[in-house]
Amino acid sequence: MNFEYPFYEVSGDTYFDVGKCYGMQAKEKIGLAIENYKDFFGRHNSDRTWDEFREYAMGYVPYLEDYGPELLEQVRGIAAGSGFAFEDIMILNTRYEITKLPSPECTTACILPEASGNGHTYLVKNWDFREGVRDFLVKLHYTLPNGTRIIGTTEAGQLPRDGMNSNRVAMANNSTSSTLDYYGAGIPVTFIRMKVLSASSYEEALEVYLAATRSCTNNSLIATVGQVRSYEAYPDGHRLKEPIGGIVTHANHLELRPEINKYPISQRSDRLNKLLLERYQKIDVEAIKQVMSDHKDLPESICAHPGNAAQPLGDRKITVQSIIYDIDDLNVHIADGPPCETKFTTYKV
């Protein structure tokens with residue numbers, strides 16, 4: 001089945017208006033997202049009801065009022081624009097914390113100028129997730145009240161989860177899981193990501209990322225022209241994976257604190273690093289498309305396709321999106337599915 005996720009232009013004079021503009025356009029997709037997660041949580045988190053998840057999600061509100069009140073205003077606007085309850089939109093924006101299931105998402109990389117073929121900096125991601133979410137994935141071109149523009153990708157009703165802004169701050173993330181994770185206080189990762197993508201400078205992006213307390217582990221690559229930080233962030237702190245030779249890669253297991261890792265070790269990070277090194281100083285957009293289409297060790301390959309026929313169709317793992325951020329040119333190349341078979345479309349931030 002071919003998918004082309006909708007692309008929404010989102011703007012407003014206030015953060016509430018920005019969210020409302022988004023919610024009005026994405027109303028149908030947000031409804032699909034809510035129904036999908038009601039079904040998914042019912043099958044995988046059946047010890048709690050939807051009302052209990054609402055209560056859980058709302059428990060983050062006091063922390064967000066301190067960390068990013070403008071983020072909450074956007075979520076309130078999404079609710080108002082779409083007609084769905086604020087509590088349900090909060091569930092969508094805390095689904096990472098709610099699920100905490102062993103379903104590894106994503107392979108990422110950053111290529112710095114010394115390693116690329118043209119002196120550009122590239123941030124790269126294959127988003128691996130459930131087949132079922134493809135019905136409600138969206139692409140967003142945000143213009144915030146202060147004029148900052150963002151090209152972001154996400155599930156309908158959520159704030160952008162990955163993206164690049166007009167200040168040349170780009171972010172790509174990997175799900176990770178540790179023995180330190182817990183249900184409780186902190187800032188949900190979706191809100192941390194949007195705070196980074198809203199930053200007016202790279203220095204601000206790093207500051208707001210590191211300032212956030214969290215209850216779940218996550219890996220984030222935050223990049224700008226010529227620079228990248230790959231943080232494995234935990235409830236009790238973070239560690240930094242440095243690029244080697246201008247290349248850094250990551251998948252879903254924790255590399256720097258393996259003793260707290262809950263995911264099986266993935267070969268995808270090492271495999272991606274090897275493929276990029278084979279193209280060292282010849283890496284451009286076309287070369288990246290090739291390496292992100294790699295099928296070695298399928299179904300646990302960089303380019304993922306469903307491999308477990310025993311799973312419900314909607315739960316089967318697939319690369320739902322492949323993204324290449326050319327930070328120098330402010331171009332975002334997006335394939336709405338596995339990059340081996342899906343055409344990339346280019347968007348300008």
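**Sheet, salt bridges and local geometry of a predicted model**

Leu 330 is located in the loop between strand 12 and strand 13 (331–335); helices (H or I, at least four residues) and strands (E, at least two) are DSSP runs, numbered from the N terminus. The model is a predicted one, in which local features need pLDDT of at least 70 and side-chain atom pairs count only at pLDDT 80 or more, while totals for chains, interfaces and linings use all residues. Residues are numbered from 1 along each chain as its sequence is written, and side-chain values use heavy atoms, with hydrogens and water left out.

Leu 330 has a phi near 55 degrees, a positive value in a residue other than glycine. Leu 330 is buried, at a relative accessible area of 9%; buried means under 20% relative accessible area, exposed means over 50%, and partly exposed lies in between (1.4 Å probe, protein chains only). A positive phi of about 60 degrees is also found at Gln 281, which is not a glycine. Gln 281 belongs to the loop between helix 10 (268–278) and helix 11. The peptide bond from Leu 298 to Pro 299 is cis, its omega being near 15 degrees, and Pro 299 lies in the loop between helix 11 and strand 12. Most residues other than glycine have a negative phi, and most peptide bonds are trans.

Eight strands make up an open sheet with mixed pairing, in the order 1-4-5-6-7-8-9-10. Two strands pair if DSSP finds at least two bridges between them. Strand 1 (7–11) and strand 10 (237–241) stand at the edges with a single partner strand each, so one side of each has no neighbour in the sheet. On average, neighbouring strands of this sheet are turned by 20 degrees against each other, direction ignored. For these angles, axes are lines fitted to C-alpha atoms, for helices over the stretch in contact, and values run from 0 to 180 degrees between N-to-C directions. Strand 7 (residues 170–175) pairs with strand 8 (residues 218–224) in the antiparallel sense, over six bridges. Asn 174 has Asn 219 of strand 8 opposite. Helix 8 (residues 189–197) packs on the sheet and touches strand 4 (137–143), strand 5 (149–155), strand 6 (162–165), strand 7 and strand 8; the direction of helix 8 makes about 15 degrees with that of strand 6. Contact means heavy atoms within 4.5 Å.

In the whole structure, 21 salt bridges are found, a salt bridge being a side-chain nitrogen of Lys or Arg within 4 Å of a carboxyl oxygen of Asp or Glu. One of them joins the side chains of Arg 95 and Glu 155 (2.8 Å, N to O). Arg 95 lies in helix 7 (residues 95–99) and Glu 155 in strand 5, so this pair ties together parts that are 60 residues apart in sequence. Arg 95 is buried at 2% relative accessible area, and Glu 155 is buried at 1%.

A salt bridge also joins the side chains of Arg 130 and Asp 315 (3.8 Å, N to O). Since Arg 130 is in strand 3 (residues 122–130) and Asp 315 in the loop between helix 11 (285–291) and strand 12 (317–326), the pair ties together parts that are 185 residues apart in sequence. Both residues, Arg 130 and Asp 315, are buried, the relative accessibility of Asp 315 being 10%. Asp 39, Arg 43, Arg 130 and Asp 315 are linked in a network of salt bridges. Apart from its neighbours within four places in sequence, Asp 315 is in contact with Phe 40, Arg 43, His 44 and Arg 130. The C-alpha atoms of Asp 315 and Ala 80 are separated by 30 Å, and these residues are 235 places apart along the chain.

Glu 286 is partly exposed, at 46% relative accessibility.

Helix 2 (residues 27–44) has 18 residues and should span 26 Å at 1.5 Å a residue, which agrees with the 26 Å between its end C-alpha atoms. The expected span of a helix is 1.5 Å times one less than its number of residues. The buried residues of helix 2 include Ile 30, Ala 33, Ile 34, Tyr 37, Phe 40 and Phe 41.

The structure holds zero disulfides, a disulfide being a pair of cysteine sulfur atoms within 2.5 Å. The cysteine sulfur closest to that of Cys 303 is in Cys 340, at 3.7 Å, too far for a bond. Cys 303 is buried, with a relative accessible area of 0%, whereas Cys 21 is partly exposed at 22%.
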